[in-house]
Amino acid sequence: MANILIVDDSNMLRDMLKATLLEGGYSQLSEASDGQEALNILKAGDHNFDGMLVDIEMPRMDGYALAAEIRKFNKYKDLPLMAVTSRYSKSDRMRGVEVGMSEYITKPYSPDYLMNVVKRS
């Protein structure tokens, strides 16, 4: 996975994810502050992303709605969508699977765990 879009409404969390990915050797990183911005970036078609790290709780469009919208596009049916969230219940995970999340990472997580998930996705 080379080109990753990080979607989170928290600047601090986006920066933490970027730092972890950069340390892991990923240098093509883009950012969106919510689901709507991420969807707009995908629709613009200026980037070919190899994966997305997506927060669940965001304003305008949450991660569940974003995943559901992305999966409507045939072009993105196999795009790895990795939820990175504090929502950890079984029902939250099941909802993630239902809308098309490939992976579900709960906070707090270790940088090593995050990198292992990204590498295998």
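**Figure 1. Glu57 in the loop between S3 and H3.** In this predicted model, Glu57 sits in the loop that runs between strand S3 and helix H3. Its relative accessibility is 44%, so Glu57 counts as partly exposed. Once neighbours within four places in sequence are set aside, the contacts of Glu57 are Asp9, Ser86 and Arg87. For the pair Glu57 and Asp9, the sequence separation is 48 residues, while the C-alpha to C-alpha distance is 8.2 Å.

**Figure 2. Arg60, a residue with positive phi.** Arg60 is placed in the loop between S3 and H3, the loop that also holds Glu57. The phi angle of Arg60 is near 65°, a positive value in a residue that is not glycine. Most residues other than glycine have a negative phi. Arg60 has a relative accessible area of 65%, and because exposed means over 50%, Arg60 falls in that class.

Figure 3. Lys107 and Pro108 are joined by a cis peptide bond, with omega at about -5°. Most peptide bonds are trans. Pro108 belongs to the loop between strand S5, residues 103-106, and helix H5, residues 111-120.

**Figure 4. The largest nonpolar core.** The largest nonpolar core of the chain consists of 23 residues. Within this core, the residues with the most contacts are Val7, Met52, Leu66, Ile70 and Met101. At least two core residues come from each of strand S1 (3-7), helix H2 (35-44), strand S3 (51-54), helix H3 (63-70) and strand S4 (81-85). Helix H3 contributes the most, with four residues. In soluble globular proteins, nonpolar side chains tend to be buried together.

Figure 5. Met52 is one of the residues with the most contacts inside the largest nonpolar core. Apart from neighbours within four places in sequence, Met52 is in contact with Leu5, Val7, Ala38, Leu42, Leu66, Ile70, Leu79, Pro80, Leu81 and Met82. Of these partners, Val7, Leu66 and Ile70 are also listed among the residues with the most contacts inside the largest core.

**Figure 6. Ser30 in strand S2.** Ser30 lies in S2, the strand that covers residues 28-32. With a relative accessibility of 15%, which is under the 20% limit, Ser30 counts as buried. Not counting residues up to four places away in sequence, Ser30 touches Asn3, Ile4, Leu5, Ile6, His47 and Phe49.

**Figure 7. Gln28 in strand S2.** Gln28 is another residue of strand S2. Its relative accessibility is 45%, so Gln28 counts as partly exposed, whereas Ser30 is buried. Gln28 touches Ala2, Asn3 and Ile4 when residues up to four places away in sequence are not counted. Asn3 and Ile4 are also touched by Ser30. Gln28 and Arg87 are separated by 59 residues in sequence and by 27 Å in space, C-alpha to C-alpha.

**Figure 8. Arg71 in the loop between H3 and S4.** Arg71 is found in the loop between helix H3 and strand S4. A relative accessible area of 23% makes Arg71 partly exposed. With neighbours within four places in sequence left aside, Arg71 is in contact with Tyr76, Lys77, Asp78, Leu79, Leu81, Val99, Gly100 and Ser102. Arg71 and Leu81 are 10 residues apart in sequence, and their C-alpha atoms lie 9.8 Å apart.

**Figure 9. The whole chain, as context for the close-ups.** The chain has five helices and five strands, which follow the pattern β-α-β-α-β-α-β-α-β-α along the sequence. The radius of gyration is 13 Å, close to the 14 Å that the globule rule gives for 121 residues, so the chain is as compact as a globular protein of that length. Along the principal axes, the C-alpha atoms fill a box of roughly 35 × 35 × 25 Å. Buried residues account for 44% of the 121 residues. Of the contacts between residues at least 6 apart in sequence, 64% join residues at least 24 apart. The accessible surface comes to about 6,300 Å², and carbon and sulfur atoms hold 48% of this area. The chain carries 15 positive and 18 negative charges, whose mean positions are 5 Å apart.

Key. Residues numbered from 1 in each chain as written. Predicted model: local features only at pLDDT ≥ 70, side-chain atom pairs only at ≥ 80, totals over all residues. Heavy atoms only, no water. Rg over C-alpha atoms; globule rule 2.2 N^0.38 Å. Buried < 20%, exposed > 50% of the residue type's maximum accessible area, 1.4 Å probe, protein only. Contact = heavy atoms within 4.5 Å. Areas by Shrake-Rupley, 256 points an atom, 1.4 Å probe, with all protein chains shown as cover. Lys, Arg positive; Asp, Glu negative; His and termini not counted. Charge placed at Lys NZ, Arg CZ, Asp CG, Glu CD. Core = buried A, V, L, I, M, F, W, Y, C linked by side-chain atoms within 4.5 Å.
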